Amino acid sequence: MYLDDKLHASYVNKLPEVFYSEMEPNPVSEPKLIKWNEELAGQLGIKQEGMLNVVAGNRFPAVSKPIAQAYAGHQFGNFTMLGDGRATLVGEWQNIAGEKLDMQLKGAGRTPYSRGGDGRAALGPMLREYIISEAMHGLGIPTTRSLAVVSTGDPVYRETVLPGAILTRIAKSHLRVGTFEYARRFCSETDLTALADYSIERHYPELAGEQDRYLRFFQAVVDRQASLIAQWVSVGFIHGVMNTDNMTISGETIDYGPCAFLDKYDPKTVFSSIDVQGRYAYANQPPIAAWNLARFAETLLPLLDAVPEEAVKKAEAILKEYPRIYRKYWLEIMYRKIGIQEAAAGDEVLVEDLLKWMEQTGADYTNTFRALTIGDLATLEPNEDFLSWKKRWDERTSAVRPEAVRQTMQKANPHVIPRNYLVEEALDAAGNGDYTLFDSLLEAVSKPYSYASIDPKYTANPPEPDEPFQTFCGT
Ligand code: AMP
Ligand code: MG
């Protein structure tokens, strides 16, 4: 059968057995395909036909050896044993470009790592992950992707009874900082080495066989994460739950729970109801990533040098570079957001001053850059500070043809993002069986740089909410 040729075991026979538990299907009563990502399926070379029972977790090709992965992690700063409590890794799929990708079902039932949980997921949060991960992909930001959502026909019991659903997630891998924390804390050094070698082979193959490969591996992960977080910050994305188990080794965004995009530019913005301290606030994301990377470094110490003090010194030297690397990536993007291709002295201040004005006036982050891009400043309520900034910006960009400036800006400034109220509205209607709003929002956020004419509600400033918007962990 076609699937038997395409789906292969992931992790099994490549990593020591301590890293996973083999899984049997946990069948659901009445699977119904709710969403199918035709574009992604095309890239993967997957036909929808015959897939329903696979993406519902009712039947797996035997050769794929489905598993749940073991991992640990620091949740809000506290170390805990975790693991895939509600996800089954169906296997590895080779796409048409020859890349190998994990296919995982989120909400596929209990596993040995479920603790008290039911292993299931509700339809609303799975649709939310579907639309936001696809929006992130549209924004050009590395992310796991969503292939399908099926409703299971079974209820899930939360505060209320909700329809159950399963999301099919496609990822470069599901190796996390937390996987290394698990290895270091609970496994042997041989296991840890096997995990590092496997991660290198899978994500950083150019380092395989190099003498100092573990140090360079660490450096490469630091680099990818710095780049990733800079991209999040540049579009106003707040992940919401940057626990170390939610940080990938591949550099992809993973685990869309309480995430959301900010509207008004306020660096202190927090949406997640459980993040009462603001640990994962918008502006805290770059330093939190550094904290997570320090936890990652600790797991690698035995591989970095036989002398512990030397290993620490080597890791610290790399971690020390993180703020500089992050800022380099962030500035590269911010310059393009104001139409600058070749940075010059004073440009950093130009970026900072615009952000300062936005913060002081509570301007909408996305729409400020959009207004500057299309040259329609009517919605900005420009005060004197803005006008003097605008004069400096005009002078700075006057040497370059306006079309070139606009082109640079258009590629860096989304004209549409999945605004919280639009997502909520679409999910509410979907909950009542009407997918019209979901589908049109999905289409809009999938092409955020097109600047094609679009329903104006997608580009308008959001209405003032009566109460601050809150998100909840998608369990
Ligand atoms: P997350 O907040 O999605 O990153 O999940 C944190 C941990 O809780 C992971 O180990 C999940 O597998 C686990 N988890 C979340 N929801 C459930 C559930 N409904 N049943 C079992 N485990 C869960
Ligand atoms: Mg997680």
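**Metal site, salt bridges and cores**

Author: The magnesium ion (ligand 2) has Asn246 (OD1) and Asp255 (OD) as its protein donors, at 1.9 to 2.2 Å. Donors here are N, O and S atoms within 2.8 Å of the metal (3.2 Å for Na, K and Ca), and water is not among the atoms, so sites may look incomplete.

Reader: Are Asn246 and Asp255 buried or exposed?
Author: Both Asn246 and Asp255 are buried. Buried means under 20% relative accessible area, exposed over 50%, and partly exposed in between, with a 1.4 Å probe on protein chains only.

Reader: Before going on, what are the ground rules?
Author: This is a predicted model, where local features need pLDDT of at least 70 and side-chain atom pairs count only at pLDDT 80 or more, while totals for chains, interfaces and linings use all residues. Residues are numbered from 1 along each chain as its sequence is written, chains are lettered from A and ligands numbered from 1 in the order in which they are written, and side-chain values use heavy atoms, with hydrogens and water left out.

Reader: OK. How many salt bridges are there?
Author: The search of the whole structure gives 33. The criterion is a side-chain nitrogen of Lys or Arg within 4 Å of a carboxyl oxygen of Asp or Glu.

Reader: What does Glu39 pair with?
Author: Glu39 forms a salt bridge with Arg145, at 2.8 Å from N to O. Glu39 is in helix 2 (residues 38-44) and Arg145 in strand 10 (residues 145-157), so this pair ties together parts 106 residues apart in sequence. Helices (H or I, at least four residues) and strands (E, at least two) are DSSP runs, numbered from the N terminus. Glu39 is partly exposed at 44% relative accessible area, whereas Arg145 is buried at 6%.

Reader: And Lys106?
Author: Lys106 bridges to Glu129, with 2.8 Å between the closest N and O atoms. Here strand 8 (residues 100-106) supplies Lys106 and helix 4 (residues 123-138) supplies Glu129, so parts 23 residues apart in sequence are tied together. Lys106 is buried at 7% relative accessibility, and Glu129 is buried at 1%.

Reader: What about Asp394?
Author: Asp394 has a salt bridge to Lys390, the closest N and O atoms being 2.9 Å apart. The two are four residues apart in helix 12 (residues 384-397), about one helical turn. Salt bridges with shared partners also join Lys106, Glu129, Arg169, Arg176 and Asp255 into one network. Asp255 is also a donor to the magnesium ion.

Reader: Switching to the nonpolar core: which residues touch the most other members?
Author: In the largest nonpolar core, of 121 residues, they are Phe217 and Phe296. A core is a set of buried Ala, Val, Leu, Ile, Met, Phe, Trp, Tyr and Cys residues joined through side-chain atoms within 4.5 Å. Helix 7 (residues 213-235) gives the largest share of this core, 13 residues. Domain 1 (2-171) and domain 2 (331-412) both contribute residues, so the core lies between them; the domain bounds come from an automatic or database domain assignment.

Reader: What is Phe217 in contact with?
Author: Beyond its neighbours within four places in sequence, its contacts include Phe180, Tyr204, Ile249 and Phe296. Contact means heavy atoms within 4.5 Å.

Reader: Last one, where is Leu40?
Author: Leu40 is in helix 2, and is buried at 3% relative accessibility. With neighbours within four places set aside, Leu40 is in contact with Arg145, Ser146, Leu147 and Ile170.
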